[in-house]
Amino acid sequence: MDIKITITDRDGIKHTVDAPTDMNLNIMELVRMYELAPEGTIGICGGMAMCASCQCYIVNGVEVPPINDDEEAMLSEAFFVKQNSRLGCQIAITEDLDGLEIELAPES
């Protein structure tokens, strides 16, 4: 089943994309799949919560999984962090995320 996720890219353009829930993807991989960030600017560590290149802001009230220790540690060192910051690589795409709106954080 596909769900809809709206991603505002770093140029401020909104993209509402279909996100498959049966492929074990995360938000960072979804951004790459739709090429919403230039190659080499997102997911540099491969989704291991070791860089903050996939940092995004949760824009609406759709509930995302709780933050884990690795993600919290990485965000504590990142630039442009806000209260609603998350690492896209740590948010698995599930049916619960239908309607999620995120904004990609600026490149550091």
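Mentor: Begin with the order of elements, keeping in mind that this is a predicted model. Along the sequence, the protein chain reads β-β-α-β-α-β-β. That gives 2 helices and 5 strands.

Trainee: What does the radius of gyration of the protein chain say about a compact globule?

Mentor: A compact globule of 108 residues would have a radius of gyration near 13 Å, and the protein chain has 12 Å, so the two agree. The C-alpha atoms fill a box of roughly 35 × 30 × 25 Å along the principal axes. Of the 108 residues, 44% count as buried.

Trainee: Which way do the residues of strand S3 point?

Mentor: Start with the general idea. In a regular strand the side chains alternate between the two faces of the sheet. In S3, residues 55-58, Gln-55 and Tyr-57 point one way, while Cys-56 and Ile-58 point the other way.

Trainee: Are those residues of S3 buried or exposed?

Mentor: All four named residues are buried, on both sides of S3.

Trainee: In which sense do S3 and strand S4 pair?

Mentor: S3 and S4, residues 85-87, pair in the antiparallel sense over 3 bridges. There, Tyr-57 stands opposite Ser-85. S3 is also joined to strand S5, residues 101-104, by 3 bridges, and these two strands run antiparallel. In S5, Glu-103 is the bridge partner of Tyr-57.

Trainee: How many positive and negative side chains are there in the protein chain?

Mentor: Count each set, then compare their centres. The protein chain has 6 positive and 20 negative side chains, with the centres of the two sets 6 Å apart.

Note on methods
Residues are numbered from 1 along each chain as its sequence is written. This is a predicted model: local features need pLDDT of at least 70, side-chain atom pairs count only at pLDDT 80 or more; totals for chains, interfaces and linings use all residues. Side-chain values use heavy atoms; hydrogens and water are left out. The radius of gyration is taken over C-alpha atoms; the globule rule is 2.2 Å times the number of residues to the power 0.38. Buried means under 20% relative accessible area, exposed over 50%, partly exposed in between (1.4 Å probe, protein chains only). Lys and Arg count as positive and Asp and Glu as negative; His and the chain ends are not counted. The place of a charge is taken as NZ of Lys, CZ of Arg, CG of Asp or CD of Glu. Two strands pair if DSSP finds at least two bridges between them.
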